[in-house]
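Please keep the viewer open as you read.

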Amino acid sequence: MTPRQKRMVTVVAIVAGVGIATTFALQAFNQNLLYYYSPTQVHAGEAPASRSIRVGGLVENGSLARKPGSMEVTFVLTDYAQKVPVSYTGVLPDLFREGQGVIARGRMDGDRFVAEEVLAKHDENYMPPEVADSLKPHLDAANSTAGST
Amino acid sequence: MSWTWFHKLASPPHAYRILGSLAPWFGWASLALILLATWWGLVKAPADYQQGDGFRILYVHAPSAWMSMFTYVVMAVAAGVGLIWRIKLAHAAAAACAPIGASFTFLALATGSIWGKPMWGTWWVWDARLTSELLLLFLYLGYMALRASFDDPQRADRASAVLALVGVINVPIIHYSVNWWSTLHQPASVTKFDKPSIDLAMLIPLFLMIAGFQLYFGWAVSRRLRGEILRRERNANWLKEAA
């Protein structure tokens with residue numbers, strides 16, 4: 001093997017070695033890298049009850065209610081399989097709306113999730129309002145069938 | 001196969017001349033494209049159905065995020081070529097890339113943060129995408145700091161090249177973080193095998209802007225690499241003759 005080939009092998013070995021090590025490390029820490037739990041995971045008891053967690057899902061259509069005379073809102077988070085009722089007191093982000101993905105940080109209090117912070121999760125879709133309007137009947141139909149199953 | 005063209009390209013005087021004649025082309029083309037894309041993105045493109053006009057920061061955020069990863073790959077490949085073939089010019093090219101990449105990374109993080117506050121409700125979260133992009137910034141800064149810590153340019157080249165190669169693992173992690181883990185950051189809209197999830201009227205200026213940023217990179221790296229060659233070859237005969 002010429003010195004150049006040796007160096008080539010060394011470079012490939014560095015990249016491959018670090019790649020494999022990183023893969024194993026990320027596999028081991030996989031759970032900690034999850035930014036939020038889904039309502040299904042919460043119901044299955046996968047989320048720790050003792051400490052503060054994040055729950056992510058869609059705000060169920062028609063579930064948003066404001067308590068008159070206060071900043072308190074309640075809504076239901078769903079992943080179309082399970083639901084988690086949430087209560088939150090504070091300012092909601094711009095993108096918060098029914099049917100939209102949100103992530104709430106807080107802890108379970110009985111059946112209810114009491115959120116200290118609510119973040120809106122934007123999806124990857126970008127379109128002008130006209131296009132969204134023309135798609136809306138299809139989306140609503142898809143949501144209602146998915147929601148009922 | 002003859003490698004003369006390759007060795008000719010790797011000779012500092014030749015590269016210095018070629019880069020000098022390429023730079024203005026890159027520069028003017030990039031300026032024209034970025035101006036066109038800015039107008040198209042800010043004026044002509046329609047507002048988003050959810051975010052209104054706020055989505056337009058995407059035209060800076062997405063291209064700089066793309067360039068932050070692209071620049072790192074270029075830097076790592078140049079460092080690898082420099083290590084294997086012992087080409088000083090390749091090491092010089094890797095060194096020229098680092099500050100440009102760091103700037104793109106900073107721009108991506110800053111614009112993302114500005115967008116995140118009103119849209120998400122927070123400036124920053126420690127999710128997989130944001131954290132791995134921040135790590136990229138530290139890799140660039142670490143690379144530059146490592147280079148600066150050696151007096152001997154050859155040792156600086158080799159040590160920093162190893163760091164550049166080790167860090168390249170982070171690039172696929174950044175890209176796939178949104179698919180592998182649940183993150184607050186949304187999944188890819190454009191760089192996927194499916195149809196883009198962004199309307200064509202908004203996608204065209206985005207592509208124009210990315211092309212403009214690529215050409216800007218060509219301009220910046222040509223100029224920086226020329227400077228790097230001058231610094232390294234300051235005692236060489238060809239420079240004395242030229243001056």
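A residue counts as buried if 20 or more other C-beta atoms lie within 10 Å of its own, as exposed if 12 or fewer do, and as partly exposed in between, with C-beta atoms placed from the backbone. By that rule, buried residues make up 26% of the 149 residues in chain A.

A word on the model: it is predicted, so local features need pLDDT of at least 70 and side-chain atom pairs count only at pLDDT 80 or more, while totals for chains, interfaces and linings use all residues. Residues are numbered from 1 along each chain as its sequence is written, and chains are lettered from A and ligands numbered from 1 in the order in which they are written.

**Chain A overall**

Chain A has four helices and six strands; these are DSSP runs (helices H or I, at least four residues; strands E, at least two) numbered from the N terminus. Along the sequence they follow the pattern α-α-α-β-β-β-β-β-β-α. The radius of gyration of chain A is 22 Å, whereas a compact globule of 149 residues would have one near 15 Å; the value is taken over C-alpha atoms, and the globule rule is 2.2 Å times the number of residues to the power 0.38. Along the principal axes, the C-alpha atoms of chain A fill a box of roughly 80 × 45 × 30 Å.

**Where the chains meet**

In contact here means C-beta atoms, placed from the backbone, within 7 Å. On that basis, 36 residues of chain B are in contact with 32 residues of chain A. The largest share of chain B's side, four residues, comes from H3(B).

Two packed helices are described by the angle between their axes and the distance between the axes. Axes are lines fitted to C-alpha atoms, for helices over the stretch in contact, and angles run from 0 to 180 degrees between N-to-C directions.

| Helix pair | Angle | Axis distance |
|---|---|---|
| H1(A) and H6(B) | about 40° | 8 Å |
| H4(B) and H8(B) | about 125° | 8 Å |

H4(B) is therefore oblique to H8(B), and H1(A) and H6(B) are oblique to each other as well; angles under 35 degrees count as roughly parallel, over 145 as roughly antiparallel, 65 to 115 as roughly perpendicular and the rest as oblique.

Which residues make the contact of H1(A) with H6(B)? H1(A) gives Val11(A), Ile14(A), Val15(A) and Val18(A), and H6(B) gives Val162(B), Leu165(B) and Val166(B).

Terms used: Two residues are in contact if their C-beta atoms, placed from the backbone, lie within 7 Å.
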